Structures are given as structure tokens and as C-alpha cells.
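Here are my notes on the structure, written as numbered points. Please have it open beside you while you read.

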Amino acid sequence: MNEIENATILVVDDDKDIVNAISKLLEMEGYKVEKAYDGMQALDCLTSKDIQLILMDVMMPKLDGLSAMMKIRTTKNIPIIVLSAKSEDSDKILGLSMGADDYVTKPYNPMELVARVRSNLRRYLMLGSAGNVSGSRDIQNGSLSVDKAAKQLYIDGEPVKLTATEYKIVEFLMENAGRVFSAEEIYSKCWKEESFAVENTVMVHIRHIREKIEINPAEPEYLKVVWGIGYKIEKFGR
Amino acid sequence: MTNPLKKAPLRAALILIAFILATVCSYIVVSEIIKAEENDRYISENCYIHSIRYNTELNELYQKLWLAGNMYLANRSGSGYTVNERMQEQIEQCLKEYGVMDRDGSISIGEYNDLEYIVSCNGMTFTNTDKSLDELSSSNYGIWWHDEEVSHDSSFYEWRDFGGYTTNYGKTVYYINGEAHNMYSFDTTGLNYYYYNAAYETDTAYRNYYKLDGSTPLPPADAGIGSENARFFTVYIFSYELEQLPEVIENITSDELYSDDADVEIFMVDDNYNTVAVYDLENETWIYAVVEKAIPLATDLYICIAPSDEAAREYDAAIARLDIDDQQILRMFVVAAICAFFALLTAVLYFVYSGYDANAKSFKLAAFDKWYTEILLGMLGLLALGAYGYISVALDIVPSKEMRDIFIATAYCAGIGVMFVIAVLILGCIINKIKCRRFVETTLIFKLLKFCFRRLKVCFGWLRRGLGRLNRYCRMVGLMSHSAYFKRHIPRYIVATAVAFIVSLIIGTAANDGEAFVIAWLLLTALCALYIHLDLRDARAISRLSKRIEQIREGDYSPEEPDIRDITYKMQEDLNSISSGVSRAVDEQIRSERMKIDLVTNVSHDLKTPLTSIISYVDLLSKEDLPDVAMDYVNVLVNKTQRLKAIISDLFDLAKATSETDMKLEQLDAVILVRQVLADMEDKINRFGRDIRTDIQPESVKVIGEGKKLYRIVQNVIDNALKYSLDNTRIYLTLSQTDTQAVITVKNIASYEMDFTGDEIVERFARGDKSRTSEGNGLGLSIAKSFAQACEGSFEVRPEGDVFTAEIRLKKVEEAKTSVQ
């Protein structure tokens, strides 16, 4: 845990106020912060300092965020969170495919930003040496893993408290990650009862689960509603 | 009372009766035939007149009497011959050969006890009876002969050929039983024979003998034939070996005749087939010596033969007895006929009631009735054939001893009865088919035809579809003919052609010349054709123009180079300029639209950056240890920055929706969508304390749209209803469907007076309450509308009094249409 607490984070943005605000925010959480105001500075900083995570803007003078990220990716494997005003799906996909670990849109929610930083750090520092977080993981999907025997869900190795029904839903959807199920199907699988007008029941559970596993429940990463069809857990590669 | 015959067992009894009757009938017939045959045999065995001996003796006697009459009596007078010695010798030799003359030269007819005869000629008579010629010839049986005429009863007497003639040069020909005998009254030594057949078929009659030295007696002068005339007669050339018929050479002179072939003989024959001349091949000369003129044999010869009185009596008695027997047989045949009649009657009765089902109270097809009619008819035919064979074979053996055995006869007759019954049963089946009106149906031919017909129907189906296609094509042509072009031009063509015809007719009449008419008509028709051709060219140009306009309407503004010769040249030019103008305008509009979106995007980006700082620092500020008053201010800042953030996000979404880029239309279920949104918003609904009453009729409505956008539409509408509804009222959500659309309606009672129209409220930044104090930003409904339009649906708001109605129409997945295509 100390490792995470003491991590050094590089914040890169051409707006100094934003850099300062983020630095302040992160320092309050106990992280060490290095600042850079363009891509070149970020690259310099990386060579001289031991950095565990980078928060980087896209639109910057000298060297933009994406180019800098590509350069960093040639040598380093540390998590990079892109921080951008561009909120379109295509921008996000571009950023993630260029090597970003996460994508946060401006204006960001400070709480969310911190949560994402922590999540990424944990994933990088702890799952990087996944061996010590042993125990049986029957289903693994991105940061989520399920221990069927213990009926326990883990996010980045941290157990999440779920009710029995919530766990059943998660396990069912995890087993069929990527597949969309209607509320009826989920209900009949997890409640083992005849289903009738169960949209509300299932939705309430889904929302509760989301609040527990998602950093931003309004924009879920894992447990998604497929509008007009049903629900699914997004399938991630390892 | 029901008819007993309607029951099957009684019908079986009927069949049994028919069998017995048929058997009895045939037994009577057979036994009577046997009786008749026996009578016949009795007569032929016991009556002389009916016997073979009678026939033989009659023939023999007739031949003897004919020879005795024609050869002996005819050539004698008193005690001596009237012919010369040579002839006499030959006659006696012939008579001896036939056994009519003894060695000593007296005539012996022989013993015929049962026959009486008289032969008389030249007043002389041979007879073995006391009866006169008239008495004998009046007998019921027997024969007589006179002057080459014979009365004879063909049943008793086998007629053979008897006859003859005498030539005028001393030759007499007798033909007896087909054999001919030539007798000459002169010396026949050194005679050469010549083949000549003009009248008789027998071998011996072919041969005629002539003296080639010319000493054969010449015809008498009164014969009218002289050697000088011979050249004009018909000449026959004969070939022995080839036995060909004579080759006829008409009107030929003797000088022209020649022959190198020894086998060929040459005759001259006159019109009466009398030989006139014979050609001597050795000396190569004609011998005008021979004439054969046939003179009939003795004309006063009478021959009469009759059976003896005793034989005749015996025969008459036998015949009389037979007549009685015949009557008896006839009577029995009547009995048999009655039996047959009743047998047929029972059969008819059976036919009437066969196949009646007592349970069903109607005629039914039973086991064999269901067989194909052809099979039944075939069986009937085979039975008829079999019966024919059976009866004819049996008739052959009827006279035999076996048939006279009563058991064999009965068995045979029972066989006929069985065949009769089988025929009745088969006919019954067929008749039952007719009664059940299934006769045609159950024929094999019908089945086959039906099968073929079904096949044909399939073919007809193809044909009909083909015709349908043709019909469509015709309709298309018909539609074309309704088009303005055809309506306008076809009458013109008709009028032009008619005018051409009439004018040429007038010209032709005026010139009073058919050619002028034709020429004028051809010229004018050619003119018409030219006119039509030019007209068609213009029509094509017009149709091109119309197509061009259609293209422009479809959005294809690319210019086309017009042909200056076209009637539409100017129009096309103008159209090009119009379309380029439109094209420019459209491009301009698209560009400005894009600029607007870019502007909104850039602005929202530019807004976001400072907002990010504000949010960050407000957040940091809220974490500082501040006085309560300051903290309140910070909280206000937090709320407002959040709202600003939401507005910017909405604005951005709205701009994006209008530009309609990156749309991912998919199929989803509107019912599930609505339920999901309601479930998703449950917290918020509870927070506002509003009841949402839903009325979702269909179980599932598949619509087209992008999930997230549809979610936003429904969410915004419900959100709007929550925010602006009066306290303690309910919100009504209904989901229904039309043929093409899913309709989601949300109704609520407004908490304020609605003084706006539906169109106004969906304008951007429009809000019902003018104060703009509540939490909305005025973009919700316009986002809903933009998104609905982007998803090929529509969104409409209807304020009616205090009732606010929002209606979302979404496009349904057109399953039927896709399946048709």
C-alpha cells in the first residue's frame, strides 16, 4: 500500500492553473507530483525522475499529448491517463488505442480523477506482480475477477462487498462477458423464478452494483446498459 | 316395411338362385343339343339317301349314263354307228376305259339296287325301271340332265364338269369330270400337236392335232374363212416352256412373222377363237387348214336318276320322326329360355340392390367395388373370352361319349353357372359404382387424368404467372400510353396518316388514275414517316430533359452538355445554370452548417478549459477550512459550475445531433427501452415524488435507432415532465404502435400556465417558465427532437390547457417489407 501512497505522478498540461489544481488535489491524497507544461518537458522529466503515473493533456504546444505518449510507450509501461477537453467517442478511442490506460474528459470531477489515479496505480503496481494477490480467480475480466468458491468479486485485487443477489448477477454476467441479456433472462437465472415485469428489480440491482464497482456510475466502464435490449458486462482483454 | 333384399345375406341367396337357374338352363341346352346330334347321326347312319354310298353311287351312275348317252346312243341309229370306223374305235376304247362297255361291245351300266335311272337318246333308251321318264323325273329326290342342263340337289350330289362339242372337221371333244378326250373321225397318224387353250382348263384339252402337210380337212366354203383373209386375223405366238399367255399381235401380215425358236408356235385365231391358220416352222409356211367350230353334243339326250321308292319312303319316315323330335327340343329350349330369363331377372334384382348398406341405409362401395373400373371391365372381358372358349371346346366334345355322362354334363353346366354368377357379381360391382356416383372417379383413367391434371395445374400456375408478368408489361406499356407524350402524339400520327390517305385518294380520283393514287399515297406516307421520325426525336429529347429534371430532384447537380440541335437546348442550358446555382447553394448551406458545428465544438472546448480550472479550484476551496458563510458561497459555486458543465455538454450533443455524423442505427425494443429508462430514473422519480402511470400495450416493438440517443430522448421527456409537473399530479406514459411507428406519449399537468406553442417549446433554450430559475437549461426537449429526427423518428409537443403532451414517434423495423423484397 505504501508503494501506492508514495507514488510519483507526472501532471502534464499547458494550463498552469490546471496543473497546480491537480497537483494540489493529488498532494492532498498523499502523492508526490511532478509538473510539466508540454510534451517535451514531460519526456525530460521522465528521464530524470522515477514516475509511476502520468496525467497528460492532449492539446499542448511543442509536443502534443498523443505524440508524447507514443514516445513514452516505446520505453515505459507506466500508466498514462489522458485528460482532454475532447469528449467524443472517437477521441477516446483514439487516445486509448495510442496507449493511454484511461481517458478523463475535461471538466473532470476531482473525486473521479483521484479514483482513477488510484485505480490505475493499483493496477500497475499490484497486478504488475499479480502473484502475491493469489487465491483462486475463476473469472478474470479486466480489473474485475470473481472467486466463485468464496463468492467474492475483486476490483484490481480488492474485494468488493456485494449482496448475494448482486453477486449472482455479476457472476452470471462475468461468465458471459460481452453478451447482452434481457432483464427477464437475468432475473430467471439469478432469482430462479418465473419473471414478470422485472425491469425495475433488475435495474435497481444493476444500479447498486454499478455504484459499487464503477468509478463514475453515470458513465460505467464495466456494467453497461444496452438501451432497448438489456445489460452486459463489457469484455476486456487481459 | 323394409325390402329384404336390402340385406346382404338375401342377396347372397339371390346369387345362389341365379347360379342354379343358369346351371339348369345350360344343362337343358346341352342335353337337347346332344339329342339333336344323336338324331342327325341316326339319320346318316340308317337312311340311304342321307348316306355317303348314295352320293358315290349317284355320281358314278351319272357319269356312266352320260357316257352311254353322249358317246354311244348319240352316235348310233338303230343297230349301227352313224360315225366312221376310226371314230367308232375311239369311242369304244373310251367307253371301255370308263367301264361302261364290255369286251364284247355291249353297254353295261352295272347294278344299282337303290337307284332307278333312265337315259334316252335318238329314241333309244337304257333303264332299270318300269317308270317313264316323266314319272322318274317327278321324284322328290334324284337328278335329271338334258341339253347341257342339270337339275340336281347339291346336298345329295357333288357336281362335276360334264360337256363337249364337235368341230366341223371331224373332231369331237368330251370332257368328263374335268378330263377332256379328243376323238377324230379321220386318220390321226403323223399328226403334230399344237398347244391351244382358248376355252378349257384341263391339260388334255390343250392338245389339238393337225396335219402340217395341209391334208387336215379344210373348212367348208360356207365357213366364210379363206386363206386369203388370214392375214387380217389376230396372230398368237405361244411359248411352251415359259407357258406364257399368248402374245397378241393385231393385224399383221404373214411376211412379218418369223421365229428362230423351235418352242414357239404361231397361230392365227379369228374373233370366235376358232383356229384359222398354223405356221409350219420347218417349212416356214402357213397352213390354212384348220378351223375349229364348236357344235354342241347331242341335244335330245335325257338322263334321269332317282332313288328307289323304298329308299325314299324310308327317308321320309326318318325326317318325319326328326321333325317331332325337333319340336320337342324346341319346347325344351323354350324352358331353357324361361330359365335364362329368370336367371337374368334375379341378376337384375341383384343389380338393383347390390351394394346396399343396411346400417348406413344407402349404397356403399364395398371391397371389390373399390377396384378400378378398368380392372373389373377387363375381368369381365376375360370372363367372356373364357366362356367363349369353354363353350366352343365343350360343343366340340358334346357328341362324345363323355358328355353323355350325366355327372360330367352337370359339372360342365355348373361351370357355366359359375361363370354367369361371376359375371353378375362383377357387373353388380360396376353398377354399384354407378349407383354411388363413383363410376368415373374409380376408373384408372380418371385417376391418371386427375394426376395429369394436377401436374397441368402446376404448369398452368407457371403459365398464369407468366401471363401475369406479361400483363404487368402490358400495363407498363399502357401507362406509357397514358403519358402526356403518347396522348399528344398518337392522335397526331393517326390524323396525319389519315390525311395522307384521303389527300392521295382525292388526287387519285381527280387524276382518275390508280397509279397516281398509289404514288401520291406512297409519297405522303413517306412524308408522314419522316414527320413521325422527327417528332420521335424531339420526344426523346423531351424525355431526356424530364429525366434530367428527375436527377436534379434526386440531388444530382452535375451539369450535362446539351446538343444544340435538340429542341430542348435552351431549356437544358437554363436547367444547367439552375442546377449549378442550387448546387452552389446546397454546398454553401452544408459548409455553413459544418462551420456552425465547428464553432459550437470549438466554443464548447474553449469553455471547457476555464471551466475545468474553475471546477478544480472550487473543489479545492471546498476542502479548505473556511468560515460557514464562505462555505455556503462555495457550495453555490459548486452547483452552478456543475450546471454550466451540463449545459455545455448538452449544447455539444445538440450540435452533434444536427450534423448527424457517426450514427449507429441498430434494432432495439422500445418496450424494454422505456422500462429501462423508468427503472434507471427510479431514484429521481422518487425524489420528485411523482407517480408515473404507464400503459404499455404491445409486448415488444422493434424500432430503429441508436440506443444512447433513444435513452436520452425518453429520459429528457420524463425529466421534463418531472420538473414541470404540478405537485400531487401524476405523469402518464403510454406506448403504442402504428403500422410503421412506435409511439411513446408522456402527459403531465403543467405547474404553470403554458402560453407557448408546441413548436416554440422545442426551440433551443426555450423554457416554459420565462424566469429560467429552475434547474432545467432549456435544451432537453430540443435535444429530444434532434435525436428523434436523427433516428428517423419524430418528436412533438402539444400543450392543451394545462395538459402537456410529449409524443415520441420511432420508426419500426419493417420486417414485412424486408421479407417481401
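1. Let me begin in the interior of chain B, where Trp66(B) and Trp145(B) are both buried. Here buried means under 20% relative accessible area, exposed over 50% and partly exposed in between, with a 1.4 Å probe and protein chains only. As for the ground rules, this is a predicted model, in which local features need pLDDT of at least 70 and side-chain atom pairs count only at pLDDT 80 or more, while totals for chains, interfaces and linings use all residues. Residues are numbered from 1 along each chain as its sequence is written, chains are lettered from A and ligands numbered from 1 in the order in which they are written, and side-chain values use heavy atoms, with hydrogens and water left out.

2. How many aromatic pairs does the structure hold over all chains? There are 12, where rings of Phe, Tyr and Trp (its six-membered ring) pair if their centres lie within 6.5 Å; planes under 30 degrees apart count as stacked, over 60 as edge-to-face and the rest as tilted. For Trp66(B) and Trp145(B), the ring centres are 6.4 Å apart and the planes stand at 85°, so this pair is edge-to-face. The pair links distant parts of the chain, with Trp66(B) in helix α2 (residues 52-72) and Trp145(B) in strand β5 (residues 143-146) of chain B, 79 residues apart. For the element names, helices (H or I, at least four residues) and strands (E, at least two) are DSSP runs, numbered from the N terminus. Ring pairs also bring in Tyr174(B), giving a cluster with Trp66(B) and Trp145(B).

3. Phe501(B) belongs to helix α11 and Trp521(B) to helix α12 of chain B, so the pair ties together parts that are 20 residues apart in sequence. Phe501(B) counts as partly exposed at 38% relative accessibility, and Trp521(B) is partly exposed too, at 33%.

4. Those two residues also belong to a nonpolar surface patch of about 630 Å², together with Ile502(B), Leu505(B), Ile506(B), Val518(B) and Leu522(B). Patches are made of residues with over 30% relative accessible area and no salt bridge, joining like charges within 9 Å and nonpolar side chains (Val, Leu, Ile, Met, Phe, Trp, Tyr) within 5 Å. The areas come from the Shrake-Rupley method with a 1.4 Å probe, and for residues only the protein chains shown count as cover. Helices α11 (484-511) and α12 (514-554) of chain B are the elements that give two or more residues to the patch, and the largest share, 4 residues, comes from α11(B).

5. Chain A has a positive surface patch, formed by Lys151(A), Lys168(A), Arg179(A), Lys189(A) and Lys192(A). Lys and Arg count as positive and Asp and Glu as negative, with His and the chain ends not counted; the place of a charge is NZ of Lys, CZ of Arg, CG of Asp or CD of Glu. Lys192(A) sits in the loop between α8 (183-190) and α9 (199-213) of chain A and is exposed, with a relative accessible area of 68%.

6. Over all chains the count comes to 37 salt bridges, each a side-chain nitrogen of Lys or Arg within 4 Å of a carboxyl oxygen of Asp or Glu. Which residue does Glu112(A) meet in a salt bridge? Its partner is Arg116(A), at 2.9 Å, N to O. Both lie in helix α6 of chain A, 4 residues apart, about one turn of the helix, and both are buried. Glu112(A) and Arg116(A) are also linked with Asp102(A) and Glu221(A) in a network of salt bridges.

7. Do look at the salt bridge between Asp683(B) and Arg207(A), at 3.0 Å, N to O. This pair crosses between chains, from helix α16 (residues 682-688) of chain B to helix α9 of chain A. Asp683(B) is partly exposed, with a relative accessible area of 44%, whereas Arg207(A) counts as buried at 10%.

8. Finally, some backbone checks. A cis peptide bond with omega of about -10° joins Lys106(A) and Pro107(A), and Pro107(A) lies in the loop between β5 (102-105) and α6 (110-126) of chain A. Asn728(B), a residue other than glycine, has a positive phi near 60° and is exposed, with a relative accessible area of 69%.
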